Each structure stands twice: as structure tokens, then as C-alpha cells.
Amino acid sequence: MQAEAAGNGAEKAIEAGYPAELIAGLTPALTASYSGCGYLFDGLNFEGDETVVDLGAGAGLDSFIAAKQLSNGRVVSVDMTYEMLQKVNSQQLSINLLCADIEYLPVLSGCADVVIANASFNLAISKTAAFSEAYRVLKEGGKLVARDLIKTEELPAEVLTDPLSFNTSLGGALEEEALSAEIEKAGFKDVSISDHRPFSYVTSVKIEARKPYPGP
Ligand SMILES: C[S@@+](CC[C@H](N)C(=O)[O-])C[C@H]1O[C@@H](n2cnc3c(N)ncnc32)[C@H](O)[C@@H]1O
């Protein structure tokens, strides 16, 4: 049962775009509960001393991948589900667990070099609050790199009428233009939405944005 679950998580990650050789090198426990919607580390290079905040970290696959690249930095893995955080492999790695709501983050302003998030912004009731908090905790010049889900066509009636559709990651997905506007409204610049991939009734995308330095 354990092995089957682990295998599914690894397959799901590879299907979502994680390099097979990367996943093959990880223990099954790390991938078993993967529930993200894509690989966000392409082109994201770390110096080694960064503070990375993972919003909606779940069981922590991305937190682990980031932490492995930090010789002298730290990852703050934020999730409001205590059971998910218990699965995060925080042993011997600089991963700090934080059970909290990404819409009201108990995290110091301006502390993060990079904020990552995988399939969690769509679950936020207030996208405005979630993106504003991501912006607040970033340092000036810091980056937001996320994968999330956008709506590209009208959802089927059974989804639209499902009282729990938000929890299935479908009900809370915005259209691309609305998502981009929410990110910009928080103050982010250079907002890019790319790498569109089909994902159930919606589409997985990569989101990149930057918190600007104050300027004239
Ligand atoms: C679809 S899962 C993705 C988990 C993980 N990022 C991954 O790639 O496997 C979304 C996660 O976001 C968390 N989450 C949803 N809304 C949240 C919120 N408002 N605050 C904190 N965590 C939240 C859920 O508990 C869940 O673990």
C-alpha cells in the first residue's frame, strides 16, 4: 500500500514535469503525497544562502528540492494542514515548518529572497490577500516563482455546482488575465505566465514575478 502510494506520487511528479533522474534519487516518502501541478525549478538558480518561503508546501517535495541547493540558507515551509507538514522531511536540512494561512502569514516582512508556491494560490479564498502576503515577505528584488492552475474554458456543471469545488483546485482557478491582474495589484513587476500544460479541466502554468527595488 505504502509502495503503491509512493509509486503514484513519483509518477505524478514526473508526469507533471519533474526530471525523472531527480525523482529517482529521492526516497519514496518524499514523493508519495506530491499534489502539485508542475515543476517550477527550471531556470531558478540559488547562490546557497537564500531564504525561500514555500507557500502551501504540502508534503514538501519542492521545499526539499530547494533546501538541497542551500548550503547556508533556509526554507520556510508554510501549510495550514498540520497533517501535511508532518510529512515534510525536515531532518538534517534547513527546513522550518510553519502551520499557517498563506493569506495571513506570520512571517517577517522583507525576509525572503524567493517565494515558491505549487498549486496553492488557486486554493486561497482571497487571491488579493495571498499575493499581497507573498509580496510583503519578499525582499526588494526578490522573486515569486510558482506553478498554479488557470481556467481556460467554462467548467462543467457538476464542478460549478459542487459546494466543495474550491477544495478540488478547480473552483478557485482564475482566468489568466484575472490572475495576472491580481499579481500586479499586489505590487509585482515583470509578471510572466508561461509553460501552459493541460491539467484536468484547467491548465497548469508557471508564474514568475519580481518585487521591484524602490525607484524614482
Ligand atoms: C494542491 S496541494 C499542493 C502541495 C504542494 N505544494 C505540492 O506541490 O505537493 C495545496 C496545499 O496548499 C495548502 N493550502 C491551501 N490553502 C492554504 C492556505 N490558505 N494557507 C496555507 N496552506 C494552504 C493545502 O493544505 C495543501 O497542502
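Two residues are in contact if their C-beta atoms, placed from the backbone, lie within 7 Å. The views below come from a predicted model, in which local features need pLDDT of at least 70, side-chain atom pairs count only at pLDDT 80 or more, and totals for chains, interfaces and linings use all residues. Residues are numbered from 1 along each chain as its sequence is written.

**View 1. The two domains of the protein chain.** The chain is divided into domain 1 (1-34) and domain 2 (35-210), with bounds that come from an automatic or database domain assignment. Their C-alpha centres lie 20 Å apart. Across the boundary, 8 residues of domain 1 are in contact with 11 residues of domain 2. The side of domain 1 that touches domain 2 has 5 nonpolar, 3 polar and no charged residues. Here Ala, Val, Leu, Ile, Met, Phe, Trp, Tyr, Cys and Pro count as nonpolar, Asp, Glu, Lys and Arg as charged, and the others, Gly among them, as polar.

**View 2. The largest nonpolar core.** A nonpolar core is a set of buried Ala, Val, Leu, Ile, Met, Phe, Trp, Tyr and Cys residues joined through C-beta atoms within 7 Å. A residue is buried if 20 or more other C-beta atoms lie within 10 Å of its own, exposed if 12 or fewer, and partly exposed in between, with C-beta atoms placed from the backbone. The largest such core has 57 residues, and those with the most contacts inside it include Val53, Val115, Ile116 and Leu144. Strand β5 (residues 138-150) gives the largest share, 6 residues. Because domain 1 (1-34) and domain 2 (35-210) both give residues to this core, it lies between them. Apart from its neighbours within four places in sequence, Ile116 is in contact with Leu40, Val52, Asp54, Asp62, Ala66, Val145 and Ala146.

**View 3. The shell around the ligand.** A residue is near a molecule or strand if its C-beta atom, placed from the backbone, lies within 6 Å of it. Of the 23 residues around the ligand, Gly36, Gly56, Gly58, Met80 and Asn118 come nearest. At least two residues of the shell are supplied by each of α4 (61-68) and β2 (74-79). Helices (H or I, at least four residues) and strands (E, at least two) are DSSP runs, numbered from the N terminus. By class, the shell has 11 nonpolar, 8 polar and 4 charged residues.

**View 4. Strand β7 and its partners.** Two strands pair if DSSP finds at least two bridges between them. Strand β7 (residues 202-210) pairs with β5 in the antiparallel sense over 8 bridges, and Ile150 has Thr203 of β7 as its bridge partner. Another 7 bridges join β6 to β7, which run antiparallel. In β7, Arg210 is the bridge partner of Lys189, and Val202 is that of Phe199. β6 and β7 form a hairpin with 2 residues between them, and Ser200 in the turn has a positive phi of about 55 degrees.

View 5. Ala119 is not a glycine, yet its phi is positive, about 60 degrees. Ala119 lies in the loop between β4 (112-118) and α6 (127-137) and is buried, with 22 other C-beta atoms within 10 Å. Asp190, also a residue other than glycine, has a positive phi near 50 degrees. Asp190 is found in strand β6 (residues 189-199) and counts as exposed, with 10 C-beta neighbours inside 10 Å.
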